[in-house]
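Hi,

Here is the model I said I'd pass on. Have a look, and my notes on the salt bridges and the chain contact follow below.

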Protein chains: 2
Amino acid sequence: MDTRVTDQAQTVQDQSFAPGLHLLVDFWECRGLRDAEGIERVLREAAAVCGATVLSVMLHNFGEGGGITGVALLAESHISIHTWPETGYAALDIFMCGRCDPRAALPVLEAWFSPDSMSVTEHQRG
Amino acid sequence: MDTRVTDQAQTVQDQSFAPGLHLLVDFWECRGLRDAEGIERVLREAAAVCGATVLSVMLHNFGEGGGITGVALLAESHISIHTWPETGYAALDIFMCGRCDPRAALPVLEAWFSPDSMSVTEHQRG
């Protein structure tokens with residue numbers, strides 16, 4: 001599997017103030033992209049493994065042939081997902097502040113979506 | 001106002017497949033960071049100006065002294081916001097696929113939050 005991880009840190013105005021790390025995650029050739037129940041489960045599991053608190057999960061199913069779009073809103077920020085089953089592609093982003101490390105969510109998401117290739121970029125927010 | 005816009009395009013597996021543009025937006029020294037009603041209004045206005053369809057808006061108010069965290073879920077992806085009123089900082093991201101240009105949302109958001117400085121980075125998804 002081709003995995004690219006790059007660090008594109010933003011300019012930070014005050015080095016002592018760092019709300020969190022934001023990952024942009026692209027999965028190609030993956031499975032489960034129409035399975036709303038499975039996606040809700042894996043979003044909750046991904047948050048839990050990071051030690052994050054889920055405030056709510058909101059998913060929209062575009063129906064027959066369409067994808068899923070949704071967000072797990074966290075006390076520590078969010079995980080979003082948008083899927084394109086017709087091309088096997090999913091775009092996720094994982095933003096967590098505080099002591100949570102969003103990178104801990106990646107193995108959980110990879111295990112569920114089983115992508116042939118993926119890209120992860122890291123962005124320091126704040 | 002200091003505005004930095006950079007283009008950090010991701011590697012795209014298939015040039016003909018480009019789900020959308022994702023902006024990471026940082027606002028410093030801004031206003032309205034505890035105003036949940038105002039934030040919901042400006043998220044809906046930002047989506048509308050891009051021609052995007054709001055599926056739902058989910059906001060969580062951390063209460064006395066705390067910030068707001070929330071997401072506008074769109075048929076075209078999402079706009080998220082997380083605010084830290086104690087430092088005047090807000091982290092937003094705007095992801096839109098299809099014919100919507102998320103950059104059109106920036107003037108609406110800037111007008112509401114009135115940041116002293118901001119950073120915008122652009123990320124092609126897909």
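Arg44(B) and Glu40(B) sit 4 residues apart in helix 1 (residues 36–49) of chain B, so about one helical turn separates them (helices are DSSP runs of H or I, at least four residues, and strands are runs of E, at least two, numbered from the N terminus). They form a salt bridge, with the closest N and O atoms 3.0 Å apart; that term means a side-chain nitrogen of Lys or Arg within 4 Å of a carboxyl oxygen of Asp or Glu. Arg44(B) is partly exposed at 38% relative accessible area, and Glu40(B) is partly exposed at 30% (buried is under 20%, exposed over 50%, partly exposed in between; 1.4 Å probe, protein chains only).

Before you go further: this is a predicted model, where local features need pLDDT of at least 70, side-chain atom pairs count only at pLDDT 80 or more, and totals for chains, interfaces and linings use all residues. Residues are numbered from 1 along each chain as its sequence is written, chains are lettered from A and ligands numbered from 1 in the order written, and side-chain values use heavy atoms, leaving out hydrogens and water.

In chain A, Arg44(A) and Glu40(A) also form a salt bridge, at 3.0 Å. Asp101(A), Arg103(A) and Glu122(A) are linked in a salt-bridge network.

Between chain B and chain A there are 2 salt bridges. One of them joins Arg125(B) to Asp26(A), at 3.2 Å from N to O. The contact (heavy atoms within 4.5 Å) takes 41 residues from chain B and 41 residues from chain A.

Cheers
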